Amino acid sequence: MKQSKNNEEKTNVMRVLESKKIAYLSHSYEPDQTLTGEDIAGILGEDASNVFKTLVTQGKTGQYYVFVIPVNAELDLKKAAKAAGEKSIAMIKQKDLLPLTGYIHGGCSPIGMKKQFPTFIHETAKELEKIYVSAGKVGFQVELNPGELIALTRSTLADIIE
C-alpha cells in the first residue's frame, strides 16, 4: 500500500496517518450530499461491509463516544450503551458535530478529531484485510489496515450493530 500522491489534496486525516507512518491509500469521488454509504462503497468498487461510517454519540453521563460501523448497518443504541458502560446513548445533533469534532456530517472520521473520544469499532473490522473510513472531508476516503486504525484510535472492538 502506498500513500497519497503529493499532487492530490491532503486532508488532516492523511497528514495524521503520514505523521504516524501508517500506510494508506486515498480515494476521492465527486462529493454529493445525496450519496449513501452504500453508494460510496459502489464508487470504490468495494463491498459495503468494508466501508465504515463514523457516528458520534453522547451518553447519559455527558461523555461523548465514537462508533465506527459498516455503512450498510445501523448502530444499535442499546448495544452501544452497553459497550460504553452507559445507561443510554443518543446521537449528537448534526449542528454539534463540527464544533465538537472538527468534521462536518458526511466527512466525519475517527482519525484526527479535535479531541480523542472513547472509540468503538464493529467487531467485523478485525476480520478484514482493509477498511475504508472517511478521510475527514466529503468526497475523500482512506483505505488502511484495520489493526492500524484500531491501534491509532485506541478503539475497542464490540458488537454494536442491529
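Biologist: Which residue of E8 stands opposite His 122?

Modeller: That's Ala 158. Quick heads-up: this is a predicted model, where local features need pLDDT of at least 70, side-chain atom pairs count only at pLDDT 80 or more, and totals for chains, interfaces and linings use all residues. Residues are numbered from 1 along each chain as its sequence is written, and side-chain values use heavy atoms, with hydrogens and water left out.

Biologist: What makes E5 and E8 a pair?

Modeller: Pairing takes at least two bridges found by DSSP between two strands. E5 and E8 have 3, in the parallel sense, so they pair.

Biologist: Why is one side of E8 left without a neighbour in the sheet?

Modeller: The sheet is open, with 5 strands in the order E4-E2-E3-E5-E8 and mixed pairing. E4 (89-91) and E8 stand at its edges with a single partner strand each, so one side of each has no neighbour there.

Biologist: Now H5: which of its residues are buried?

Modeller: In H5 (residues 146-153), they are Pro 146, Leu 149, Ile 150, Leu 152 and Thr 153. Buried means under 20% relative accessible area (1.4 Å probe, protein chains only).

Biologist: How do you know that they line one face of the helix?

Modeller: Look down the axis of H5: the buried residues fall within an arc of 165°, so they line one face. The arc uses the directions from the helix axis to the C-beta atoms.

Biologist: What covers them?

Modeller: Among the elements covering them are helix H1 (12-19) and strand E5 (119-122).

Biologist: And which residue caps the N-terminal end of H5?

Modeller: Asn 145, with a side-chain oxygen 2.7 Å from the backbone nitrogen of Gly 147. Just after H5, Arg 154 takes a positive phi of about 50°.

Notes
Buried < 20%, exposed > 50% of the residue type's maximum accessible area, 1.4 Å probe, protein only. Helix = DSSP H or I, 4+ residues; strand = E, 2+ residues; numbered from the N terminus. Contact = heavy atoms within 4.5 Å. Polar contact = N/O pair within 3.5 Å; in protein donor to acceptor, adjacent residues only side chain to side chain.
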